[in-house]
Amino acid sequence: MSTEPSNQRASAKAPGWYARAAAQPDPEHRPAAFQRLLLAEVFAHARECYPEECCGLMLGPPGAEPRQVVRCTNVQNVRLAKGESKLNSSQGFWIDEQELERALRSAEARGEELRVVYHSHVDTGAYLSHTDLEAALGPEGTPLWSGVGQLVVSVSENGVAEAALFEWDEEREAYVGRLARELE
Ligand SMILES: [Zn+2]
């Protein structure tokens with residue numbers, strides 16, 4: 001995977017997680033705006049799960065803003081116990097697959113679809129990790145769910161620091177990040 005020159009320039013004074021990121025929010029991009037109540041629900045979930053990562057979904061009409069947050073269970077500790085991953089629930093997330101299926105079925109029944117997958121990062125930045133990237137991509141190296149954003153929330157014992165939305169850029173064949181904030 002190539003490293004873009006801008007990443008190399010920034011890494012000189014960047015925090016430790018920077019080098020571990022597959023994508024970072026670009027502060028020059030216009031922030032992604034979410035309805036206040038939806039973002040508040042995601043942030044509350046992140047705080048409640050601390051010091052473990054939370055995960056869940058945002059559902060909404062096709063191509064439109066998300067309307068609903070569905071909290072999911074992070075089963076990463078189960079995967080660790082089964083030897084399917086080396087990461088625990090503070091270091092990674094895996095959405096309970098039955099909960100995921102149920103949420104997708106009920107969305108479909110309402111004419112809605114998956115718009116955003118969210119998860120939190122504990123005591124580190126709101127970046128897309130290489131593990132997050134691998135989980136988001138299918139075997140073709142393109143997103144498993146086309147048009148679905150990845151929202152990452154940075155949380156510590158002091159609360160939520162920031163959040164960033166990562167969306168697939170067809171031309172660059174990469175996720176591009178921008179900060180997420182409330183709709184004004
Ligand atoms: Zn992550």
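Reader: In which sense do strand β5 and β7 pair, and over how many bridges?

Author: Strands of a sheet pair through backbone hydrogen bonds, in either a parallel or an antiparallel sense. In this predicted model, strand β5 (residues 113-122) pairs with β7 in the parallel sense, over seven bridges.

Reader: Which way do β7 and strand β8 run?

Author: Strand β8 (residues 159-169) and β7 run antiparallel, joined by seven bridges. Leu 151 stands opposite Leu 165 in β8.

Reader: How many residues of β7 are buried?

Author: Strand β7 spans residues 149-156, and seven of its eight residues are buried, so the strand is mostly covered by the criterion of 20 or more other C-beta atoms within 10 Å.

Reader: What is the order of the strands in the sheet?

Author: The open sheet has seven strands in the order β2-β9-β8-β7-β5-β3-β4, and its pairing is mixed. The edge strands, β2 (32-34) and β4 (68-72), each pair on one side only. On average, neighbouring strands of this sheet are turned by 30° against each other, with direction ignored.

Reader: How many bridges join strand β3 to β4?

Author: Five bridges join β3 (residues 55-60) to β4, and the two run antiparallel. Within this pair, Cys 55 stands opposite Cys 72 in β4.

Reader: Which strands does helix α2 touch?

Author: Helix α2 (residues 36-49) packs on the sheet and touches β2, β3, β4, β5, β7, β8 and β9 (174-182). The direction of helix α2 makes about 50° with that of β7.

Terms used. Residues numbered from 1 in each chain as written. Predicted model: local features only at pLDDT ≥ 70, side-chain atom pairs only at ≥ 80, totals over all residues. Buried ≥ 20, exposed ≤ 12 C-beta atoms within 10 Å, placed from the backbone. Helix = DSSP H or I, 4+ residues; strand = E, 2+ residues; numbered from the N terminus. Pairing = 2+ DSSP bridges. Axes fitted to C-alpha atoms, helices over the stretch in contact; angles between N-to-C directions. Contact = placed C-beta atoms within 7 Å.
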